[in-house]
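Biologist: I have a model open and want to learn how to read it. Where do I start?

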Amino acid sequence: MEFRKTLQQIDGISKVIATRLIEMGFDSLDKLAGADSDKLAGVAGLSRDAIPGILEQARHMQESQLVQEASLSELTEDASKLKTEVERLVLNIRNRFDDSNVPKEHVKELRKEISRTLASLERVEAALSEQLRRLSKSLAKADEKISQVSDLGVEEVMSGLRKARKNIEKAVD
């Protein structure tokens with residue numbers, strides 16, 4: 001039911017409406033963003049006037065999701081390349097020092113350091129994935145705050161922007 005929470009980020013979609021949308025087969029942003037207005041009008045409790053805004057927000061969320069997935073893919077690929085380079089370095093080091101007259105305690109320490117470095121890289125990969133998830137969530141919240149205030153008065157817009165900024169700053173901290 002995690003997707004239901006995603007749907008609820010869209011103005012005009014309550015918990016009940018989100019459940020009904022999922023039951024009607026709109027179980028992804030792709031499906032909702034590509035939905036026909038007439039089919040959405042068949043969802044009990046969904047205002048016909050709200051449908052264009054809902055579709056627009058769904059398309060915007062879909063685009064953001066695609067950009068985030070591409071970024072995650074690129075960063076994951078970079079981390080993987082770095083890990084491969086370290087593994088190559090490890091093989092090179094092992095070949096150079098295992099058969100040399102380097103004291104065994106140095107070789108042992110070298111192996112420990114190699115293991116630590118690889119473990120650190122694995123932690124970076126895991127942290128990167130988690131951080132991107134948090135950034136994505138915070139940016140979605142900021143986007144929601146901004147879209148909610150676009151037609152409001154100055155004070156409400158300032159308040160919405162302040163909340164959006166705090167969500168963004170929270171993601172970076």
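Modeller: Start with exposure. Buried means under 20% relative accessible area, exposed means over 50%, and partly exposed lies in between. Keep in mind that this is a predicted model.

Biologist: Then how does E85 count, and what is its relative accessible area?

Modeller: E85 has a relative accessible area of 44%, so it counts as partly exposed. R88 is exposed, at 51%.

Biologist: Which residue forms a salt bridge with E85?

Modeller: First the general idea. Side chains of opposite charge can pair when their charged atoms come close. Here the cut-off is a Lys or Arg side-chain nitrogen within 4 Å of an Asp or Glu carboxyl oxygen. E85 pairs with R88, and their closest N and O atoms are 2.6 Å apart.

Biologist: Where do E85 and R88 lie?

Modeller: Both lie in helix α5, three residues apart, which is about one turn of the helix. Here is the general rule. An α-helix has 3.6 residues a turn, so residues three or four places apart point the same way.

Biologist: What salt bridge does R116 form?

Modeller: R116 pairs with E113, with 3.3 Å between the closest N and O atoms. Both are in helix α6, three residues apart. R116 is partly exposed, at 45% relative accessibility. E113 is partly exposed too, at 41%.

Biologist: Which residue pairs with R48, and how far apart are the closest N and O atoms?

Modeller: R48 forms a salt bridge with D38, at 3.8 Å. This pair links distant parts of the chain. R48 sits in the loop between α4 and α5, while D38 is in helix α4, ten residues away. R48 is exposed, with a relative accessible area of 54%. D38 is exposed as well, also with 54%.

Biologist: How many salt bridges are there by this rule?

Modeller: The count comes to five.

Biologist: Now a residue in α6. Is I114 buried or exposed?

Modeller: I114 is at 7% relative accessibility, so it counts as buried. Its place is in helix α6.

Biologist: What is I114 in contact with, leaving aside neighbours within four places in sequence?

Modeller: The contacts are V90 and I93. The C-alpha atoms of I114 and V90 are separated by 6.7 Å, although the two residues are 24 apart along the chain.

Biologist: Which residues of helix α2 are buried?

Modeller: Helix α2 covers residues 15–23, and I17, A18, T19 and L21 are buried in it. They pack against α1 (2–8), α3 (29–33) and α4 (37–41).

Biologist: What follows α2?

Modeller: G25 does. The phi of G25 is positive, near 100°.

Biologist: How many residues line the largest pocket, and which lie nearest its centre?

Modeller: There are 30 lining residues. Nearest the centre are Q9, M61, Q68, S136 and A140.

Biologist: What is the lining by class?

Modeller: Nine residues are nonpolar, twelve are polar and nine are charged.

Methods:
Residues are numbered from 1 along each chain as its sequence is written. This is a predicted model: local features need pLDDT of at least 70, side-chain atom pairs count only at pLDDT 80 or more; totals for chains, interfaces and linings use all residues. Side-chain values use heavy atoms; hydrogens and water are left out. Buried means under 20% relative accessible area, exposed over 50%, partly exposed in between (1.4 Å probe, protein chains only). Helices (H or I, at least four residues) and strands (E, at least two) are DSSP runs, numbered from the N terminus. Contact means heavy atoms within 4.5 Å. On a 1 Å grid over the protein atoms alone, a cavity is a set of points where a 1.4 Å probe fits but cannot get out, and a pocket is an open set with protein on both sides within 12 Å along at least five of seven lines; lining residues have an atom within 4 Å of a point. Ala, Val, Leu, Ile, Met, Phe, Trp, Tyr, Cys and Pro count as nonpolar, Asp, Glu, Lys and Arg as charged, and the others, Gly among them, as polar.
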